[in-house]
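Try each task before you read its solution.

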Amino acid sequence: MEISSKENTHFFSNNTILPVDRSSFKSESSASKEKQSCCGGIKIFLGALSFVYFAKALSGSYLKSTITQIERRFDIPSSLVGVIDGSFEIGNLLIIILVSYFGAKLHRPRIIGAGCLIMSAGTFLIAMPQFFMGRYRYERFPSTINSTGSISPCLQDKSQTPFSALEKSHAKINAGCEKEAGSSMWIYVLLGNLLRGIGETPIQPLGITYIDDYAIEENAALYIGCVQTVAIIGPIFGFLLGSLCAKLYVDIGFVDLDSITITHKDAQWVGAWWLGYLIAGAISVLAGIPFWFLPKHLPKPEGRKDSSTSSEQSKFITEDNKEQHKSYQQQVKIAEMAKGKSLEFFPSANLFGNPVYILYLCASIIQFNSLIGMVTYKPKYIEQQYGQTSSKTNFVIGLINIPAVAFGIFSGGLIMKKFRINVLGAAKLSLGSSFFGYLLLLSLFAMGCENSEVAGLTMSYHGTKWTTDYEQALFSECNSGCLCSKNDWDPICGENGVTYISACLAGCQASSGSGKNTVFFNCSCVGTLESPSRRSSAVVGPCQKGNECPKMFLYFLVVSVITSYTLSVGGTPGYILLLRCIKPHLKSFALGIYTLAIRVLAGIPAPVYFGVAIDTTCLKWGSKRCGGRGACRLYDSSALRYVYLGLTLVLGTVSIFFSVAVLWVLRKRSSPQDETLSANGERGACGTKSRKDNFVNSDHLIQTTYWPEKETRL
């Protein structure tokens, strides 16, 4: 190439100057035009892709915020909600290989636009059951719904209830059963989330590669960083939207809100969960529109036009040099192909023979099981453990926890750059982050609330706390004369501060008022706790938890924010460790296996078995209209705390052991020269055999620092 450049210089020096000046002027002007069009086009694509990342992160986080709402609305257990949550990953896996292989050969912007439409269709489908399954029915005693009748809560004989009222009630229940028997509307939610996963698939691989192909090399990392930053903002708005919708009644706009006898603090309350999905679906449609008008290709920057430059230079090369250069290129190409085929024939053999990769993959799978399960059921844990409403829970997570996670991810990258940390240092930082994060999580065991005082479930009717078979303890001498059902859940709060499952089980003989203002009198069971001879009153709704619970909730928030930040600091160093310990020609394959393993072995099963474990702590199950077990109404706070935090910590501890093994292997494979160089600010290596192969360009590291589904796992 040096000889050809000298010949070109000599050629130009022996010719006239004016033609050369004109051609150079034309090339400069055309180059400036191409640069302007390239920059303009890539910036438009960048803005559109950032909006898409925001839309998909918003809809994903909003789904997390509505877990408890969906569970109550469809009367399903937590384990089934976990299946619904994992269906997103299943949809993603169905076409990820097709999109990754064929997507780059087709019109990438339009494929992303089509994905946005599919994603919005899935989001709309999730909300559709609200418009077909009728109004939401919750368990309430007739006198709290309609004040025209004078019915005693404690039905000592059936003659107290008019026959026509009983007949109408049974007729409505039977009609409802006939309507609901052949339909399981939660399936539409599952299919909608599955469709969301399919639509989201092309956004990340095709969008990032499009930027990497057509952006100026020094700007590519900045552009991708902007996209990831916007993706962090999406979950914040998703949880805030969930907080707003949780305050609104589920059938808002369809029923008279004054007739609703429950409040957003009640365990049966269901917010307008469907409204947020309509908003998220509309945002996804808007986000996909610009991609239909973007070109398939953009002009490449001058720095990346290697092929065109070489073709122009070849015009001034003699035929002999052309032939020599051509034969040399063919020889090099054949040699590279022979070498590449031998390496690529069994890529898995080379990849899975890397102990650092295998150990880090195992550590990541187990840690993501821990984090995904913890984040999925965090709203439920806060609601049940600290007696908080769904609205307040989502507000706290969106406004406090997610910014802490975003700041932690940013801090991890900043530390890596500031101190020029090598591979060994990245492994130490990732391990230290996990260790101290889970150590802080251990302190949450001491920050729980006692069980709510519920007569017949967590304590006896005489005020003694115990744990026995709750079904046998629901009936006592004080309510033995009443015709009560043990399946009802219509809690009332006695003036003694104890919650009773229903007014009937509290032995209440009379009531006054209607709706939320109903007051029950002559409750024989309420009076037994202090003075058996005195009969007290009660009001609609459960009692608040103990006085210490608000203080414990404040402590929980502080530790939770610090824990979220600490765990997030190790995300970027860990991913850098993964990239630097893989040979360049295996990197794409390794990242594909990594993402696939995380989705299959963590994203899908974790919400399911976490939900199954949480279901075991239920004290009182709701009943469906047609019979059968519905959603859980009350959990054992202590058991829930030990199961939820314990499962998270056990998985986290196992992942730490694998991280220690990664660090041990790196120490064993690193040489003393590497340690000396790293101390002087140079990069270390994963091994001494192929130091060059174990590294990638630092700019490319910034571009590909992608934590699978981190924007929805926050």
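**Exercise 1.** Describe the disulfide that Cys 449 and Cys 549 form.

*Solution.* Begin with the distance: the sulfur atoms of Cys 449 and Cys 549 are 2.0 Å apart, and a disulfide is here a pair of cysteine sulfur atoms within 2.5 Å. Next, take the torsion about the S-S bond, which is about 105°, so the disulfide is right-handed. Then locate the two ends: Cys 449 is in the loop between α18 and α19 (470-473), while Cys 549 is in helix α21 (residues 549-569), 100 residues apart. Helices and strands are DSSP runs, numbered from the N terminus (H or I over at least four residues for helices, E over at least two for strands). Finally, check the accessibility: Cys 449 is buried at a relative accessible area of 6%, and Cys 549 is buried at 5%, where buried means under 20%, exposed over 50% and partly exposed in between, for a 1.4 Å probe and protein chains only.

Before going on, note that this is a predicted model, in which local features need pLDDT of at least 70 and side-chain atom pairs count only at pLDDT 80 or more, while totals for chains, interfaces and linings use all residues. Residues are numbered from 1 along each chain as its sequence is written, and side-chain values use heavy atoms, with hydrogens and water left out.

**Exercise 2.** Work out which handedness the link of Cys 484 and Cys 504 has, and where its two ends lie.

*Solution.* The sulfur atoms of this disulfide are 2.0 Å apart, and the angle about the S-S bond is -85°, which goes with a left-handed link. Cys 484 lies in the loop between α19 and β1 (492-494), and Cys 504 in the loop between β2 (499-500) and β3, 20 residues apart. Cys 484 counts as buried at 16% relative accessibility, as does Cys 504 at 10%.

**Exercise 3.** Trace how strand β4 pairs with β3 and with β5.

*Solution.* Two strands pair if DSSP finds at least two bridges between them. Strand β3 (residues 510-512) and strand β4 (residues 519-523) pair in the antiparallel sense over three bridges, and Ala 510 has Phe 521 as its bridge partner in β4. The hairpin of β3 and β4 has six residues between the strands, and Gly 513 takes a positive phi near 85° there.
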